[in-house]
Amino acid sequence: MTAPLLEVRKLIKSFPGVRALKSVNLTLGKGEVLAVIGENGAGKSTLMKILAGVQRPDSGEIALDGSPIEFRNVHGALRAGIALIHQELNLADNLDVAANIFLGREPLKIGLIDTARMRREARKFLEAVGLVVDPATLVSTLTLGHQQLVEIAKALSVNARVLIMDEPTSSLSSHEAENLFKVIRDLKSRGVSLVYVSHRLGEVRALADRVTVLRDGENAGDLERDEIDHSRMVKLMVGRDLSQFYPHVPRKPGEVMLKVERLQTRAHPRYALSFQVCAGEIVGVAGLVGAGRTELLEALFGVMPAVGGVMRIGGCTLAPTSPREAIAAGLALVPEDRKKQGVILEMAVRENLCLARLRRDHRLGFFSPGGIATLSADMVAALRIKTPHDRQVVQFLSGGNQQKVVLGKWLALKPKVLLMDEPTRGVDIGAKQEIYRLMEELADQGVAILFVSSEMEEILGMSDRALVLHEGRLAGELARGALSEEAVMHLATGSERLSA
Amino acid sequence: MKKILGISILLAVVCVVTALASDSFLSGYNLENLVRRTALFGILSVGVTFVIVTGGIDLSIGSVVCLVGCGLPWLLTKHGWSVPSAVFAVMALSAGIGWAHGLLITKLKLQPFVVTLCGLLLYRGIARGFTNDQTVGFGTGFRSLRTLATGQIKLPFIDGFALPAPWVFLLVVAVAAAIFLNRTIYGRYLLALGRNEEAARYSGINTERMTILAYVISSTLAGFGGMLFVLDVNSAQPVDFGNFYELYAIAAAVLGGCSLRGGEATILGVIIGTALMQVLRNMITLVTTRNNIEFAIIGAVILIGVIADELVKRYAVRRRAARALAQETGGG
């Protein structure tokens with residue numbers, strides 16, 4: 001390889017309560033597609049944000065073309081030719097395509113926006129990404145795949161030499177994804193370098209010239225083109241063989257705990273979902289972003305009440321219209337957005353742990369401070385929550401320990417069915433394994449677990465059975481024996497043939 | 001606790017300064033008056049604290065004070081209602097107003113600022129309407145009812161100072177409020193939903209019902225305060241009775257350590273905050289000869305107070321984060 005275009009040395013970044021990057025190196029050659037992979041919480045997103053100038057590192061060096069550079073903000077990075085395309089797209093969808101491409105750099109004529117010229121120029125960049133739409137089209141009317149191409153066109157319009165793509169296919173259909181791969185290969189042949197962050201190892205195998213694996217904020221290893229295969233990647237990501245990382249032991253399922261009958265979520269009322277989860281069973285829910293996975297859990301938990309259908313738990317049949325009713329029936333939900341929905345950041349560990357339980361333990365509305373202290377101490381010990389004391393404000397705990405607080409809040413209620421939405425998002429690898437172990441313990445105790453995950457390895461490693469959703473429809477159900485990345489993706493993308 | 005200490009020191013300093021600058025500050029008459037005003041305003045402040053805890057705001061308090069302050073003598077003297085039925089009517093009306101605010105805010109998802117701003121205009125307008133802008137009062141009647149506000153409780157061993165009756169009401173209201181907020185599950189729910197409404201709802205808390213309750217408490221105490229105010233001064237002018245009282249109440253709560261972002265409140269702090277506001281007003285009257293700068297001084301003091309508080313808080317957060325990180329990396 002010739003002299004690298006972009007070189008990162010010993011990058012360190014801390015946030016309150018967590019070290020996101022302990023010391024990370026990365027090199028990127030001209031016209032190279034570098035895949036950066038790692039489990040949730042490995043530090044990929046932080047690294048990408050630093051490269052794009054969204055965040056600033058605590059220490060470390062970034063060199064472009066051999067000379068060290070430092071960005072104060074996104075503008076600085078863009079000027080240097082580095083553009084980030086976020087997982088959630090950053091387009092103003094009330095403006096048209098051309099206005100988005102030139103946002104902040106509008107061509108002017110006597111102080112006013114020169115719309116004609118802007119649209120003319122925009123057409124050039126749209127051609128480069130193979131997108132055939134009128135530059136005057138409102139962005140909100142485009143599909144997600146097309147919006148992503150607009151973002152890429154925008155990056156090209158600032159002469160980006162390095163394009164960072166964070167999980168670009170997480171919300172694309174298989175057809176849109178294939179189109180994106182074509183654009184990526186085309187950009188590469190024109191000398192643009194790409195950093196490609198993905199959970200989808202199949203895509204990585206198909207696209208990447210080289211793979212850099214991160215684990216827990218550090219480099220776990222690099223793979224050259226001819227070394228890239230599934231098991232090597234996984235081994236580097238989790239630090240050991242898969243079978244050791246996921247402690248899952250299939251057990252004999254007990255009686256049916258949760259039976260969902262013809263449930264219609266508000267987001268996808270056209271489809272009725274029916275399935276069941278047994279005591280001691282761990283069922284994964286897979287699907288692309290927007291497939292309706294979170295909506296399914298929220299309907300079951302009464303956050304977004306279903307528009308049709310019922311569920312049966314134990315003896316009772318209900319269609320909860322509030323979390324209160326769902327909790328009373330024996331459900332618990334570890335929500336997707338921990339900081340907004342899971343914990344109350346400014347409250348102490350103790351208060352968070354007892355929040356759901358208060359309703360049961362009061363006498364004439366008064367709670368017993370002693371009882372709360374005991375319950376909290378029990379939960380901190382049982383879940384091994386790392387905190388100096390249970391009066392500590394949850395905000396200052398690491399992501400993994402915050403997630404354990406959420407779990408503890410529910411375990412105090414002894415739920416029959418535990419719903420988990422991305423249970424290991426943003427937690428470090430140690431806490432991740434502890435959460436898996438807790439899931440196993442709960443299943444042993446006869447709790448039925450239904451969990452949503454975007455991480456393929458997690459679905460494959462932890463489920464007895466997986467439900468795969470595609471655009472709101474239950475596309476299929478895979479027993480453990482039939483579980484594979486290809487099988488899940490096949491159903492999740494709704495494709496007729498296997499892609500990538 | 002640190003916050004209460006800070007504001008207590010500030011209160012003590014203002015008291016000492018005023019006592020040194022003016023001989024009449026420590027006179028029995030002035031102190032009695034001061035305590036009475038503090039007690040009356042304190043009831044309003046405790047009420048608005050519940051709304052502030054949820055992260056909301058109640059701008060209608062002054063107008064509810066006016067509505068009740070005019071309505072009570074109007075029902076008693078113009079319409080000859082009996083005392084119990086008139087008192088019941090104005091208190092029920094106040095609670096109903098709070099309930100309506102709560103419903104609009106939770107069910108229709110209107111913003112508290114807008115709902116209670118409309119309330120501010122509406123209730124004063126109604127009071128001015130039914131009184132036809134005429135001053136209403138009790139005249140020389142209703143002496144026994146008026147002792148609720150004007151009565152005095154002689155203290156043993158202290159001459160020249162008697163505890164004003166409203167102080168007893170404030171004590172009862174404040175103790176009940178403090179117990180409710182800190183010792184019952186409902187108080188805990190209010191604190192939780194004020195911090196993070198969504199997480200509270202995901203934890204199975206009926207956040208709508210709790211929010212409605214907060215507005216009912218605020219308006220009910222505003223009505224109760226309004227009743228005591230009019231009993232105290234004997235008559236009410238609908239044009240300006242209770243004018244700006246919501247702002248005094250909110251300012252006292254903020255001085256007393258409530259965050260307008262919600263989830264944070266101590267009743268004791270709120271009462272000390274109220275006292276501070278009243279002593280400041282008293283100081284301006286006694287020490288300066290210019291009453292017209294009252295608002296400027298109060299505004300400046302509150303602003304300095306919240307700026308100091310914010311700076312201290314930022315410093316504390318930084319130190320805490322650094323310590324947590326040290327533990328994380330040190331302890332593994």
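Two strands are said to pair if DSSP finds at least two bridges between them; helices (H or I, at least four residues) and strands (E, at least two) are DSSP runs, numbered from the N terminus. The model is predicted: local features need pLDDT of at least 70 and side-chain atom pairs count only at pLDDT 80 or more, while totals for chains, interfaces and linings use all residues. Residues are numbered from 1 along each chain as its sequence is written, and chains are lettered from A and ligands numbered from 1 in the order in which they are written.

In chain A, an open sheet is formed by four strands in the order β14-β13-β16-β17, with antiparallel pairing. Its edge strands, β14 and β17 (316-318), each pair on one side only. Strand β13 (residues 256-264) is joined to β14 (residues 273-278) over five bridges; here Val256(A) has Cys278(A) as its bridge partner, and Leu258(A) has Val277(A). Five bridges also link β13(A) to β16 (residues 308-313) of chain A, where Gln264(A) stands opposite Gly308(A).

Helix α8 (residues 230-238) of chain A contains the buried residues Met233(A), Val234(A), Leu236(A), Met237(A) and Val238(A). A residue is buried if 20 or more other C-beta atoms, placed from the backbone, lie within 10 Å of its own. Just after this helix, Gly239(A) takes a positive phi of about 85°.

The largest nonpolar core has 255 residues; such a core is a set of buried Ala, Val, Leu, Ile, Met, Phe, Trp, Tyr and Cys residues joined through C-beta atoms within 7 Å. Its largest share, 15 residues, comes from helix α10 (residues 207-233) of chain B. Ile164(A) is among the residues with the most contacts inside this core.

Key:
A residue is buried if 20 or more other C-beta atoms lie within 10 Å of its own, exposed if 12 or fewer, and partly exposed in between; C-beta atoms are placed from the backbone.
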